[in-house]
Structures are given as C-alpha cells and as structure tokens.
Amino acid sequence: MKSTPESVKISVYLSKVVKEIIYQIDLLCIWIGIILSGFYNGFFVRRSDPNIRLDGKVAIVTGANRGIGKEAAKKLALRGAKVIIAARDESMSQEVVQSIRQETGNEDVHFLHLDLASFSSIRSFATVFMATHSRLDILINNAGLVSPADKRITEDGHELCFQVNHLGPFLLTHLLLPILKKSAPSRVVVVASDLAFMTTRVDFDNLNSQKHYSGFTNYAVTKWANVAFAQTLAKQLKGSGVTVNSLHPGSIKTDIVREHHPFYMKVMAKLTAMTCISITLDQGSETMLYVATEPKLSQDTGKFFTNGKFFTLPKLCRDNQTVNRMWKTSAILTGIQG
Ligand SMILES: NC(=O)c1ccc[n+]([C@@H]2O[C@H](COP(=O)([O-])OP(=O)(O)OC[C@H]3O[C@@H](n4cnc5c(N)ncnc54)[C@H](OP(=O)(O)O)[C@@H]3O)[C@@H](O)[C@H]2O)c1
C-alpha cells in the first residue's frame, strides 16, 4: 500500500503519543517505587557507626546552618573532626557554630561564607579555605533547594535551582580537588535525592528554564545531575584516593519547602511529614555520615546510597551520551576545563 503524506503524519503522531504514554507509565512506576521505598526506609533507618573517630580530619559541610547539614556537622564534630559550616547566612551559622561547640565540646567548628548562587563567592570560599588549611578529608555537598514558585536567575545568569543544586557544587568540588587529592584518602559526598530517578530525559535547551519553567522537573533534573556528576568524577579520580559517592538521605521533616514555594508543594510536604515516610533530622543525616565515614567504604566510589546501603543508579545514568553531555555542559557553564 502506498503511503500518503497524511498517513505518514498520522503514524508519526501516533508513535509520539505511544512514546509519551510509555514515558508517563514509566514515571508513574518510578513514583510508586519511591513511595514504597519511602515507607520501607521510614520504618528501618540504618545508622552509621558512632564510634568511628575523626580526630585530625577536616570536613566541609555545605548548607550546615540548618536541616540535615547542621545535624551532620554536629555528628562529625562529635567524632572529633574539624568542621567548616559552609553557608550563606552568617548570623544563623554563628549560632549553629556556638551550639555545636557547646553540645559536642569540640571547639574546632567554624563558619566560612559560601553562597552557591554566586560563582565568585564559591571561588573566594575555595581560595580562603585552601590558604588557611593544609588538608580536606571530607567534602559534603549538602546545600540545596527546591525550585521556588517563580523563576529566579542568579548573578551568573543561571536558573537558581540549577546553579545552587548542581553547577555550584560542581564548581566548588573542582576548585577543592587539589587539596582533596593532597589529603587522600579523602571523600566527596553529594546529597542527591530519590527524585533523581524521576529524570528519564534531559532537555539541554531548557537547563536554565529558557523555554519553560517547571519547579518540580527542575529539581528532579538537578538531583539526577548530582548523581551523574558523582558517577563521572569518581571515574576520573580512580586511583587518586579520592572517592565520590551520591545519596538519597530519606524523606525528612525539614523546612526545605518554605514560603516562596508553590502551594501544592507546601501541601505535599505537610502531608508527607504526617506519614511514616518522613524521618527526623537525626535519622536523615545518617546515610551522609555513613558514606562520609564508614571504613568499609574506603574503596567504594561512583555509587549511589540510600538508607545506608548501595542502590542501583538511575536508569539515565547508564546513558553515557547524556551523562557526558551534562558533564561537558556544566564544565563550560562553570568555566572548568574537564
Ligand atoms: N528534606 C528532604 O526530604 C530531602 C529529600 C531528598 C534530598 N534532600 C536534599 O538534602 C539536602 C539538604 O536539604 P534539607 O532538607 O536539609 O533542607 P534545608 O533545611 O532547607 O537545608 C538546605 C540548606 O541549603 C542551603 N542553601 C540554599 N541555598 C543556598 C545557597 N545559595 N548557598 C549556600 N547554601 C544554600 C540552605 O541555606 P539557607 O538557610 O541560607 O537557606 C540550607 O542550609 C538538599 O540537597 C536536598 O535536596 C532533602
């Protein structure tokens, strides 16, 4: 049978519709998986070993002025590490420094200003840190935000969530690589999310929401980018003694959804907080601690953890073309050669 231009158009249209339906079913299955694993993890929270000592070690925790970052900083200090609270809110951070010092008896807890929404702030943070420290054993890229209701652009011209969650940590880690290598064995820990699994394709023409803005999709893409970043950097650093892993900390009762977020997100956050999916800050910092300190993991790199154990990487992380493209794009946007 001869195909007419109309029949070709119809079959192209139908194949697009079928692909879209398969894509949506795929997303629904992932979503159900996330909810079920949330219930499981909410009941069975694995703990890191509190007896591991970190005396003489130096750790940076970004976004440690609140949430799970603050909790992780306190636990690192309790185990004897020197801890740098890398955050943008000085007065809140100084209070956190004082409270951690009091609670742990460790005076070696300090604040250093870092605003991930500004490349120049990241560069000056790295410069000051490296000028004043001779080692860095643990870097925890924890700071992050859920996209606000309205699109915001940073001073560097990027969509806020994309820069703070992905480009910022990408740049910061690169700038600190010399000191991490010098201090090997050392660890980079990237706090991602199970929402990374919701990203099954990336629109590279919309990374900065040039075409349209969707807060939820943005967040999921940045969290996927966190996992892909850790996976690629781990490969590049093989043999250097620096390991790089990413993780999902659990669904935690934090204030990550604040005033400037869409109404539906606030409702979702409230509902989640009322269920047993949600865990406490103490529990939510445990996987971070585990990946940052567990001696058994000294050779493990490029992996994704949840609830204190390995988990498979998101499907899109097996697509080398997309993973490499995200790396190259991030390197160009941050001015890093890689
Ligand atoms: N909560 C959850 O259920 C959940 C689930 C999966 C993954 N996560 C991830 O866990 C990490 C920590 O989240 P959380 O729940 O502890 O949220 P949180 O309480 O809101 O803490 C986020 C931290 O990131 C900091 N931050 C935001 N923008 C920044 C910027 N421009 N420069 C430097 N720091 C900045 C915040 O500082 P300010 O106080 O100055 O805003 C705050 O310290 C995030 O990466 C998040 O994506 C959380």
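The model is predicted: local features need pLDDT of at least 70, side-chain atom pairs count only at pLDDT 80 or more, and totals for chains, interfaces and linings use all residues. Residues are numbered from 1 along each chain as its sequence is written.

Secondary structure elements are DSSP runs numbered from the N terminus, with helices (H or I) of at least four residues and strands (E) of at least two. The chain has 10 helices and 10 strands.

The overall dimensions were examined next. The C-alpha trace spans about 80 × 45 × 40 Å along its principal axes. The radius of gyration, taken over C-alpha atoms, is compared with a globule rule of 2.2 Å times the number of residues to the power 0.38. For 338 residues a compact globule would have a value near 20 Å; the chain has 21 Å, which agrees. Two residues are in contact if their C-beta atoms, placed from the backbone, lie within 7 Å. Of the contacts with a separation of 6 or more, 77% join residues 24 or more positions apart.

Burial was assigned by counting other C-beta atoms, placed from the backbone, within 10 Å of a residue's own: 20 or more is buried, 12 or fewer exposed, and in between partly exposed. By this count, 47% of the 338 residues are buried. In soluble globular proteins, nonpolar side chains tend to be buried together. A nonpolar core is a set of buried Ala, Val, Leu, Ile, Met, Phe, Trp, Tyr and Cys residues joined through C-beta atoms within 7 Å. The largest such core has 88 residues, of which V61, V83, I85, I140 and M288 touch the most other members. Helix α5 (residues 160-182) contributes the largest share of this core, 11 residues. Beyond its neighbours within four places in sequence, M288 is in contact with I68, A72, I140, N142, V189, V191, L247 and P249.

Helix α6 (residues 215-236) has 22 residues. The expected span of a helix is 1.5 Å times one less than its number of residues. Helix α6 reaches 31 Å from its first C-alpha to its last, close to the expected 32 Å. It is mostly covered, with 17 of its 22 residues buried.

Several loop residues were also examined. The loop between β5 (186-191) and α6 holds D203. D203 counts as exposed because it has 12 C-beta neighbours inside 10 Å. S209 lies in the loop between β5 and α6 as well. S209 has 21 such neighbours and therefore counts as buried. Its phi is positive, about 55°, although S209 is not a glycine. N307, in the loop between β9 (304-306) and β10 (309-311), is another residue other than glycine with a positive phi, near 50°. N307 is buried, with 21 C-beta neighbours inside 10 Å. In the loop between α5 and β5 lies P185. The peptide bond from A184 to P185 is cis, with omega near 5°.
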